[in-house]
Amino acid sequence: MKKYDALVVFGISLVICTSFIGMYPIYILDEARNSEAAREMLVSGNYIVPYFNGQLRTDKPPLHYFFMILGYKLFGVNSFGARFFSGVFGALTLLITYLSVKKWQNPVLALITVTILWSSLFFVQEFHLAVPDPYLIFFNSLSLFSFFNHFKTKKNVWLLPFYGGMALGMLTKGPIAIALPALVIPVFLWSKKDFKIKSILGIKPFLGLILMLLVTVPWYYQVHVETGGEWTKGFFLDHNLSRFGSEKEGHGGLFIITPMYVLLGLLPFSVFIIQGFQKAWKARKENDFMLFSFLVSIITILFFSISSTKLPNYPMPCYPFVAILIAFYLYQMYVGIKSKTLLWSLVFLLIIGIALPIGGFIVLGVEEQFLEVRNVSFMLLLTTFAAIFGLHFYRKDDFKKAFLGIANGWILTGLCLFRIIYPILTQQSPVSMALQKIPKESDIVAFKRFDSAFPINFQRTFTVFDSMEDINIYLEDNPDTYIITNTRSKEDLKQLERFQLILEQKALFENHTTRIYIK
């Protein structure tokens with residue numbers, strides 16, 4: 001493998017990050033709106049202004065839309081096309097992480113790092129989604145690893161991917177792509193007693209600024225002009241400043257929530273996260289790479305802990321660096337150095353492995369539409385067996401087999417999730433049920449509000465009526481029209497009782513119900 005190790009790592013990563021991405025429909029709100037915005041760009045030929053269901057969408061810049069459009073052109077307008085390049089960028093993230101760790105540490109530690117990421121179920125899941133985060137994770141990793149390479153080698157060739165990564169990240173998710181490196185790098189230089197004018201000028205910030213402006217300004221300027229400033233106002237004020245300064249859409253919580261997201265997102269090996277941080281901190285003086293990874297991890301987690309809006313995907317750009325810290329600790333076990341806390345972490349992992357299938361069974365039992373299929377939760381017993389396997393070989397003093405057993409168990413769990421569990425559960429989503437009830441070419445309108453997954457799955461935009469009078473007028477000329485809604489208003493639902501209800505289905509794990517009527 002030594003000669004082609006990078007190619008093998010990329011190939012395995014691509015398989016894991018794109019496994020069964022076309023086996024279940026797009027149904028999550030963020031996926032639905034992003035993939036539909038890309039579809040509407042493709043249909044309209046307007047690659048500047050993003051729309052969702054014909055309305056201006058100010059949530060994100062366009063780079064991920066462009067890759068989704070390429071996916072649609074290659075594979076058709078479907079879930080595979082929308083998600084494919086998310087998986088590609090996941091594989092690229094794992095590849096540059098592997099190469100960086102191999103270069104500045106050693107090949108074994110690099111392989112442990114990517115294995116940790118391969119088996120991190122929720123991290124891998126992010127690369128199965130048609131959202132901008134996979135692209136941001138890659139560009140953030142590219143930028144930070146490139147900076148470290150420049151710091152160590154002083155070769156200016158690394159400045160191009162350093163600034164290029166931030167610029168492309170700015171076109172993916174906005175200012176956060178610049179904010180994270182801008183927070184980490186000064187602290188790192190200060191830690192190395194190198195926060196000096198000479199060092200700062202050495203990274204050629206003015207040339208870097210010019211490069212970033214050349215990459216980002218053309219699109220930002222055009223969208224500002226074409227929308228009369230509405231996109232600029234909505235994106236920078238509402239979706240950036242407002243999200244950081246105040247709780248957005250109910251996604252808030254205590255400071256501790258972000259570290260908990262990291263713990264959950266890097267399971268199973270996040271049970272060693274405390275030891276990883278401790279080991280890296282102790283090695284900081286003689287190991288610049290560990291110091292850098294430590295600072296990227298801790299600063300990113302602190303930044304999103306302070307943010308008023310908190311979501312599981314927000315701290316994910318630091319996950320490759322947290323995995324490096326965990327791998328640094330586990331590498332000591334690999335080479336035979338003992339750790340007194342290892343056993344307690346494995347026991348904790350076993351508790352998690354026991355809780356997951358039980359919790360899954362209970363949660364699916366709460367949702368009425370899942371009662372008949374909730375036995376799929378028992379596939380999560382794979383995590384239980386993986387933990388037992390790990391404990392067994394730990395007791396036999398064979399940590400390598402323990403590590404590989406845990407990793408393979410969680411990788412297999414992920415494959416079962418994407419191939420079996422998600423396809424079964426998403427059959428019960430409103431849009432999947434609607435596709436069985438409504439012929440695709442039918443006339444469909446919406447009343448007040450509707451599930452965001454409908455436009456991309458029906459591959460059309462919907463006329464939305466806000467009054468029953470408008471609905472009645474429309475039905476006079478189009479009596480065979482289907483009416484979809486997920487309004488919660490009792491008064492609205494009362495008005496719809498005069499029509500025939502053909503479908504009533506609650507959204508998956510969300511508090512709204514889709515109802516479909518016909519005259």
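Contact here means heavy atoms within 4.5 Å. The model is predicted: local features need pLDDT of at least 70, side-chain atom pairs count only at pLDDT 80 or more, and totals for chains, interfaces and linings use all residues. Residues are numbered from 1 along each chain as its sequence is written, and side-chain values use heavy atoms, without hydrogens and water.

Apart from neighbours within four places in sequence, Phe 188 is in contact with Phe 147, Phe 148, Phe 151, Asp 288, Leu 291, Phe 292 and Leu 295. A nonpolar core is a set of buried Ala, Val, Leu, Ile, Met, Phe, Trp, Tyr and Cys residues joined through side-chain atoms within 4.5 Å, where buried means under 20% relative accessible area (1.4 Å probe, protein chains only). The largest such core has 111 residues, and Phe 188, Phe 147 and Phe 292 are among those with the most contacts inside it. Helix α16 (residues 319-334) gives the most to this core, 13 residues. A second, separate core of 27 residues includes Phe 450 and Phe 454.

Helices (H or I, at least four residues) and strands (E, at least two) are DSSP runs, numbered from the N terminus; two strands pair if DSSP finds at least two bridges between them. Five strands form an open sheet of mixed pairing, in the order β4-β3-β5-β7-β6. β4 (463-465) and β6 (500-506) are at the edges with a single partner strand each, so one side of each has no neighbour in the sheet. β6 pairs with β7 (residues 513-518) in the antiparallel sense over six bridges. Helix α22 (residues 468-477) packs on the sheet and touches β3 (444-447), β4 and β5.

Note on methods
Axes are lines fitted to C-alpha atoms, for helices over the stretch in contact, and angles run from 0 to 180 degrees between N-to-C directions. Buried means under 20% relative accessible area, exposed over 50%, partly exposed in between (1.4 Å probe, protein chains only).
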